[in-house]
Amino acid sequence: MGWLEKIFGGSTHRISGGQYHGGYEGGQYHSGHEGGQYHGGYEDSATWDGPTASVDELSDFDKEEIDRAIALSLAEEDQKGKKVIESEPHLEEDEALAKALQESLNVESSPPPPPRYDYGSPFPPVSYSFPYGYRICAGCNAEIGHGRYLSCMGAVWHPECFRCHGCNQPISDYEFSMSDNRPYHKSCYKEQHHPKCDVCKNFIPTNPAGLIEYRAHPFWLQKYCPSHETDGTPRCCSCERMEPVDARYLILEDGRKLCLECLDSSIMDTHECQPLYLEIQEFYEGLNMKVEQQIPLLLVERQALNEAMEGEKNGHHHMPETRGLCLSEEQTISSISRRPRIGGYRILDMFTEPHRLIRQCEVTAILILYGLPRLLTGSILAHEMMHAWLRLKGYPSLSPEVEEGICQVLAHMWLDSEIIAGSGSTSTSASTSASSSSSSSPSTSSKKGKRSDFEKKLGDFFKHQIESDTSAAYGDGFREGNKAVLKYGLKTTLNHIRLTGTYPC
C-alpha cells in the first residue's frame, strides 16, 4: 500500500464536479376548441458549465512523481522477498484500485442527460432527434439555441413566433384555442368563431349544458338567441325577419311592422294596386281562364279584413292572420283610398272610405291586406282570383285541401312567371307544366327591367312559404295539386276536380 499512498500524496490536481442546470416547464396550454387539450410550456434550455479533465492533461511533474513512487515501491518489495509473496493479496488489491483510478481519470466527464417532463398530453409523445441544444422553430424555421422556447402542437417555437391566427400577436396566455389546426387567443377565437345573434348583435349564450344554442330562420338563416322568440322582438309582416338593434322597421297603422327592404316595393292603397290587378287578370287569360265578371278589388286594413271575414259564410282560413279574402256576401267595407303619409318610421295619416258591395254574381269583391310588397300582394291576389274563378265557373263545394291547394298552385305559378320576367330570362318555368302558357303574356315587371337582388330573394321566399307550408289544406293540398298539374296539366286537373271534387291520381 506504500506506493499507492505515494500516488495520493504526490498529486495535488482535483477534478471538480460539473453543474447541470435543468430545464423548467411552466404552465399548460389548454385548448378550449372541441374539448381538446394542448399541453406545452416554456422551458429553459439545459447548459453544462463544469470543467473536464483526463490523465493526458496532467503535468510532466505529476507523471514523474507517480513513476518515482512506483519504482520505490518495487525496490522495497525486492528487498522483502517472501513478504511480498505473503502480501500478494494486498498487492492485487492495490493494483486493482490503481487501475480503477487511472480508468476514471481517462474517462472524459460528460453532462447528464436533460430531464424529460410529461404533463399527461392526450396525444402520443413525439420523438425528437435534434442534436444536443439544437431545435428548429416551427414558426420561423430558425434554430432556437440556448433560449426560452415553447413546446406545443407537436413542435417547438420561439415565444414570439407562436402567434394567434386571428390578430397575429404572440400567444403568451396559458390557454389558447384551436381551429383548423391553427392557434388563437381565446378572445380572438370567440370573436371570429363564436356565433353572434343577428338581432341583438351579442354573442349567443350557452345553455345549461354548456352548448351554444340558437334559432335560425329556415330561409333567411337569420341566427338569433332563443330568448327573442318570447321577449317581444318584432318581425317583418312580409319576410318574417326579426328586427335587429341596428335597423328600424316601419310601424303600420294596424300595429304590423315592415322592414325597409319590403317597404321599397310595398303597395299601400287601392288605386296603387290596380295595375297589378290587371296583370293578374292577363295571367289568367293567358292560361285560358279569363274571368269575365268585373270583380272589385280593395286594399284594406287588418281590422276591416277581419270584420269582413267574420261576415263571410264561405272560405277556409287556417293562417293566424288572413291577408286576402274572396267575398261572396253583400257588405260595407272600408278601403284605403290613397297612400298614407309616412314619417319617423311610422304611418302618420290613413285615408279610407266606405264601399257598399252589392251581390251581382257569386263574388262581390276581393280584399287584400295593404302594406305588403308587390310580389306578396300579387301572389295573394292570384290565390283569391282562383277562388273567384271556381265559384264563377260553377264548381261544386270542394274540400279545403282541394280548393285551397289548387289556389296555392296558381299563386305559385304566378310567382314563377314573375321571377322569370324579373330576371330577364325568356325561358319558361319548369315548376309546373301550365306556367309555359303564361310566360308569353305581357308583364309590367318585365318592362321595368331586372329586379333588385333582394326582390328576387323575396320572390323565392314567398315560393318557399307555399312549398313548405305544413297545414293540411294549404300545404298538403298544394303539394298534391302541384303534383297532379305537373303530371296531367292544369286543364285536365281542373276538369277532374269539377267531375269528382278530387285531384287525379
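Guide: Let's start with the term itself: a salt bridge here is a side-chain nitrogen of Lys or Arg within 4 Å of a carboxyl oxygen of Asp or Glu. Keep in mind that this is a predicted model. With that rule, the count is 14 salt bridges.

Take Glu261 and Arg241, whose closest N and O atoms sit 3.4 Å apart, so they qualify as a salt bridge under the 4 Å rule. This pair ties together distant parts of the chain, 20 residues apart: Glu261 belongs to helix H6 (residues 260-263), while Arg241 is in the loop between S9 and S10. How exposed or buried are the two ends? Glu261 is partly exposed at 37% relative accessibility, whereas Arg241 is buried, with a relative accessible area of 17%.

The loop between strand S9 (223-224) and strand S10 (250-251) also holds Asp246. Its side chain meets Lys201 in a salt bridge, at 3.8 Å from N to O. Asp246 is exposed, with a relative accessible area of 58%, and Lys201 is partly exposed at 37%.

Further along, Arg356 pairs with Glu330, the closest N and O atoms being 4.0 Å apart. Arg356 is in strand S16 (residues 347-356), and Glu330 is in the loop between strand S14 (324-327) and strand S15 (332-342), which puts them 26 residues apart. Arg356 counts as exposed at 54% relative accessibility, and Glu330 as partly exposed at 39%. There's a network to look at as well: salt bridges with shared partners join Glu213, Arg215 and Glu229.

Now for your helices. Two packed helices are described by the angle between their axes and the distance between the axes. For helix H7 (residues 270-286) and helix H9 (residues 374-392), the angle is about 50° and the axes are 10 Å apart. That angle makes H7 oblique to H9, and H7 passes H9 in a right-handed crossing.

Which residues meet there? From H7 come Cys273, Leu276, Tyr277, Glu279, Ile280, Gln281 and Tyr284. Across from them, H9 brings Arg374, Thr377, Gly378, Leu381, Ala382, Met385 and Met386. Sorted by class, the contact of H7 with H9 has 9 nonpolar, 3 polar and 2 charged residues.

How values were computed:
Residues numbered from 1 in each chain as written. Predicted model: local features only at pLDDT ≥ 70, side-chain atom pairs only at ≥ 80, totals over all residues. Heavy atoms only, no water. Helix = DSSP H or I, 4+ residues; strand = E, 2+ residues; numbered from the N terminus. Buried < 20%, exposed > 50% of the residue type's maximum accessible area, 1.4 Å probe, protein only. Axes fitted to C-alpha atoms, helices over the stretch in contact; angles between N-to-C directions. Parallel < 35°, antiparallel > 145°, perpendicular 65-115°, else oblique. Left-handed = near helix turned anticlockwise from the far one by under 90°. Contact = heavy atoms within 4.5 Å. Nonpolar A, V, L, I, M, F, W, Y, C, P; charged D, E, K, R; others polar.
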